[in-house]
Amino acid sequence: MEQNGAHDANGGSNSREEQEEALVALIEHRTREVKNFRQRIAYYTSQLEEAEKRLKDSESKLARLRGQPNVVSGKSSLDEGTKSVKMERRSNSPIHRNEGSSKSPHQSKPELLVPAVPPKISQPKLLPGSSAKASISSNSQASPPVITHSASGSRVKTNESQRLYTKQEDIKIKEKGTKRKFEQKEHKELIPSIRTNSSPCLIHCQTSTHISSQHKRKLRSLALCPVNDQLFVTSSLDGVVNLWQVQARGSGASLLSSTNCASSKQRRWPEDIAWHPEGNSLFSVYSADGGDSQISILDLNKKQGNRVNYLEERPHVKGIINNIVFMPWENNCFVTGGSDHAVMLWSEKDGENKWKPKALHRNLHSSAVMGVAGLQQKQVVLSVGADKRIYGYDAHVGRADYRHQVDSKCMSVLPNPCDFNLFMVQTGTPERQLRLYDIRLRQTELHAFGWKQESSESQSALINQAWSPDGLYITSGSADPMIHVFDIRYNAHRPPQSIRAHQKRVFKAVWLQSIPLLISISSDLNIGLHKIM
């Protein structure tokens with residue numbers, strides 16, 4: 001009896017200790033929540049004051065322009081405006097913006113607005129061997145409500161908490177009729193540093209976290225928003241485009257919306273997607289077969305009705321349109337490359353979602369054009385094809401000034417973000433998949449490197465690469481469950497490091513500039529969030 005009593009006492013003591021630990025953890029979590037919301041309130045209060053000042057300044061300028069006194073008070077105008085948008089918040093809040101950024105709040109760069117109440121974070125799943133810290137977020141909650149939009153704008157109810165969010169769902173990014181301010185990037189010489197080091201500078205992956213992509217079929221594309229890189233989109237063979245927002249500095253991501261972007265006739269999935277430079281819409285490409293739509297535009301500003309608009313123009317004559325990329329030039333335009341050997345330049349016309357295609361060339365390539373890109377310093381469009389050829393076409397002059405041929409098919413091209421003369425081409429040669437070139441030097445390969453695939457000898461065009469923001473590193477997916485990381489200063493041909501990121505093949509891994517994070521997609525239907533140093 002005494003032993004039983006002692007056992008009961010010990011059991012009660014353990015139970016109390018467990019309850020105490022649970023309550024302490026809960027208090028810590030809710031303390032972080034309170035602190036986070038207080039920071040947001042202080043931030044939005046300061047933003048409101050600045051917005052009022054900007055509004056009054058604009059009204060004063062308008063009054064001076066009209067030559068009459070400013071009779072409209074900023075307060076009354078503000079009150080009227082807030083009736084329709086009082087639930088909106090800017091996405092450049094303290095938890096979204098790059099700390100240490102020196103950009104002025106008065107710049108004319110487009111403004112992103114996200115819901116007032118942050119959507120709940122997808123429950124992360126840790127990779128084997130990863131730190132448990134990655135699954136804990138400062139505002140982690142239950143699984144997120146999934147808001148699904150069809151092309152007609154209808155919404156599919158998925159759970160009870162969706163009601164709150166759908167009333168506030170708005171990703172309004174800029175007012176119509178205003179022209180974005182073109183920002184010329186600064187050129188940085190990196191070519192002299194290529195292959196100069198005998199040992200690599202490694203990045204360190206602290207933790208890797210998985211979240212479900214919410215797609216039903218294999219993932220196809222991953223793209224970061226050009227205005228706020230903590231917003232990103234994924235697409236898959238189910239025809240759906242999901243919009244995500246990074247949470248808690250990379251410990252999780254929340255699903256903001258899902259939109260059915262299948263083509264209008266054949267109901268094909270998007271082969272590739274690209275953000276408009278202002279970050280307010282997404283462009284998808286399909287196929288030229290069967291008289292189907294070739295381009296669609298998803299309007300992220302639109303809350304109701306048909307969010308997806310299909311362009312009437314069909315300049316490609318056959319086959320899949322493999323690539324779509326916006327040019328880094330002052331005038332809004334994008335380029336598409338197709339299986340019909342053609343490279344098309346689409347320029348924005350007057351009117352909403354009006355784009356005029358023009359053939360840059362149809363006969364330079366003798367096979368499918370697999371990748372296109374634009375150079376920063378001049379209006380040159382790079383194109384690579386399955387015919388092993390690389391072209392640099394001067395859109396202003398109307399001729400190809402750069403020509404090069406490699407030893408295997410080319411599958412993508414990617415200009416360096418810092419050195420405007422440097423670009424990378426992905427080829428099909430095992431262990432030499434990635435090649436570096438200088439646009440000023442013809443028939444000259446600066447460096448070649450790659451990886452040996454264990455699961456497959458063939459190189460898939462679905463595998464893609466990304467430059468680091470400083471232009472010194474390249475990440476690549478693989479037919480294996482690995483992210484390969486290359487340092488262009490390293491003189492070896494193998495990857496100096498590889499990160500086991502998924503359970504199946506990795507399609508792509510992209511770098512965020514605002515926080516030290518890699519985001520990856522895989523055929524395991526998960527999104528990887530990898531914190532790096």
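Visitor: Which residue is the bridge partner of Val285 in S13?

Guide: The partner of Val285 is Ile295. Strands here are DSSP runs of E, at least two residues long and numbered from the N terminus, and two of them pair if DSSP finds at least two bridges between them. Strand S12 (residues 281-285) and strand S13 (residues 295-299) pair in the antiparallel sense over five bridges, and Phe283 stands opposite Ile297 in S13. Please keep in mind that this is a predicted model, where local features need pLDDT of at least 70 and side-chain atom pairs count only at pLDDT 80 or more, while totals for chains, interfaces and linings use all residues. Residues are numbered from 1 along each chain as its sequence is written, and side-chain values use heavy atoms, leaving out hydrogens and water.

Visitor: What joins S13 to S14?

Guide: Three bridges do, and the two strands run antiparallel. One example is Leu298, whose bridge partner in S14 is Val308.

Visitor: In which order do the strands form the open sheet?

Guide: Four strands make up this antiparallel sheet, in the order S11-S12-S13-S14. At the edges are strand S11 (272-275) and strand S14 (308-310), each pairing on one side only. On average, neighbouring strands are turned by 25° against each other, direction ignored; the axes are lines fitted to C-alpha atoms, and angles run from 0 to 180 degrees between N-to-C directions.

Visitor: Which way do the residues of S13 point?

Guide: The general idea first: in a regular strand, side chains alternate between the two faces of the sheet. In S13, Ile295, Ile297 and Asp299 point one way, and Ser296 and Leu298 the other. Five of the five residues of S13 are buried, meaning under 20% relative accessible area, with exposed over 50% and partly exposed in between (1.4 Å probe, protein chains only).

Visitor: How many cavities of 30 Å³ or more does a search of the whole structure find?

Guide: Two. A cavity is a set of points on a 1 Å grid over the protein atoms alone where a 1.4 Å probe fits but cannot get out; lining residues have an atom within 4 Å of a point. Volume is the space filled by probe spheres set on the points, which are joined across faces, edges and corners. The largest cavity has a volume of about 40 Å³, and its lining includes His447, Phe449, Phe486 and Asp487. Strand S26 (445-449) and strand S29 (482-487) each supply at least two lining residues.

Definitions and conventions
On a 1 Å grid over the protein atoms alone, a cavity is a set of points where a 1.4 Å probe fits but cannot get out, and a pocket is an open set with protein on both sides within 12 Å along at least five of seven lines; lining residues have an atom within 4 Å of a point.
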